[in-house]
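Load the model in your viewer and keep the sequence panel open. The stops below are meant to be selected in order.

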Amino acid sequence: MSAQHGRNGVLLMAYGTQRNLDEVEPYYRDIRGGQTPSPDAVAELTERYRRVGGKTPLLEITERVARNLEARLNQDCPEDERRVYVGMKHWHPYIAEAIDKIDGDRMDELVGFPLAPCYSMLSIAGYEKLMRRALDRLSDPPPTAFIQSGHANPRFVDPIARRIDDALRRIDADPAHVEVVFSAHCLPARIVNSRDPYPAELLHSAGAVARAAGVSSWRFAYQSAGKTPTPWLGPDILDAIDTIAAEGRTNVLSVPFGFVCDHLEFLYDIDIEAIERADDLGINLSRIEMPNDDSEFIEVLHELIVSGVGTRTVDLEG
């Protein structure tokens, strides 16, 4: 965000989540690009949401992050106005709905920032496309920057490293005997052939966090692969748990750092599915707490947006 005086906006973006069980089917259809999912697929996803309480706190957390970040940004230039908005990729409030609100508020400049640290052409590029499309509908869009990746900012590692340290202190075992497993959302394996930076950025971030946390031995896995005939990136976290059990390890710390807020991929895929697999194999699996709206994480977002250090940013024509 530049030092230009005036009304500057930030659009925080996240994947989206349904707000109740009745919205599971239309939400799922949106994820599938308008294609109607099978009744069995809807029933399976509905059951997952039911097991985590009917919905996830992703939207509420993102809205709190926006409020806290807005307050922090306005500390810098109290004579100006900084506003932070929320837009979701796959459900309300959609990115386009947020852009309409930004247009009505007549922002002089805008920064778009998906709340995921590592870039992929199959994930973050989708947010960028939706934001471009919404801006193109405006008669007078503001000059807009889009942060594609923030994983290289040195301070990004701090909240995750501290949470690893906190979690290791809670585990009733020698930290040297706890296997740390970093994980992130899985994508189709074909991205490797297109030189997508996603795997490399994830491994770079995991290494930086491990060094900051003093973790000398760790491994990386993917989670939440789609159920399609085509191959996905691996190893899957469930397979990693099987391997760890075969090695005779009994304590695992899950660090799903590919996202920053609690949502279904943590609350079900780790806290239920992965823990159930670990329990069956005699492994004690625990998970770090996510940054969510923690004040330390707000400071990291503030630095990423204001200084741009460690970010890769592109201009969207305004």
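This is a predicted model: local features need pLDDT of at least 70, side-chain atom pairs count only at pLDDT 80 or more; totals for chains, interfaces and linings use all residues.

Residues are numbered from 1 along each chain as its sequence is written, and side-chain values use heavy atoms, without hydrogens and water.

Select β5 (179-185), β6 (218-223), β7 (251-255) and β8 (284-287). Strands here are DSSP E runs of at least two residues, helices H or I runs of at least four, numbered from the N terminus. The four strands form an open sheet in the order β6-β5-β7-β8, with parallel pairing; pairing requires at least two DSSP bridges. β6 and β8 are the edge strands. Between β5 and β6 there are 6 bridges, and Val181 stands opposite Arg219.

Now colour the largest nonpolar core, 52 residues: buried Ala, Val, Leu, Ile, Met, Phe, Trp, Tyr and Cys joined through side-chain atoms within 4.5 Å, where buried means under 20% relative accessible area with a 1.4 Å probe, protein chains only. α7 gives the largest share, 7 residues. Centre on Ile164, whose contacts (heavy atoms within 4.5 Å) beyond four places in sequence include Phe182, Val209 and Leu253. A second, separate core has 25 residues, among them Ala66 and Cys261.

Finish at Cys77, in the loop between α3 (58-76) and β2 (81-88). Is Cys77 buried or exposed? Its relative accessibility is 18%, so Cys77 counts as buried.

Technical notes
Buried means under 20% relative accessible area, exposed over 50%, partly exposed in between (1.4 Å probe, protein chains only).
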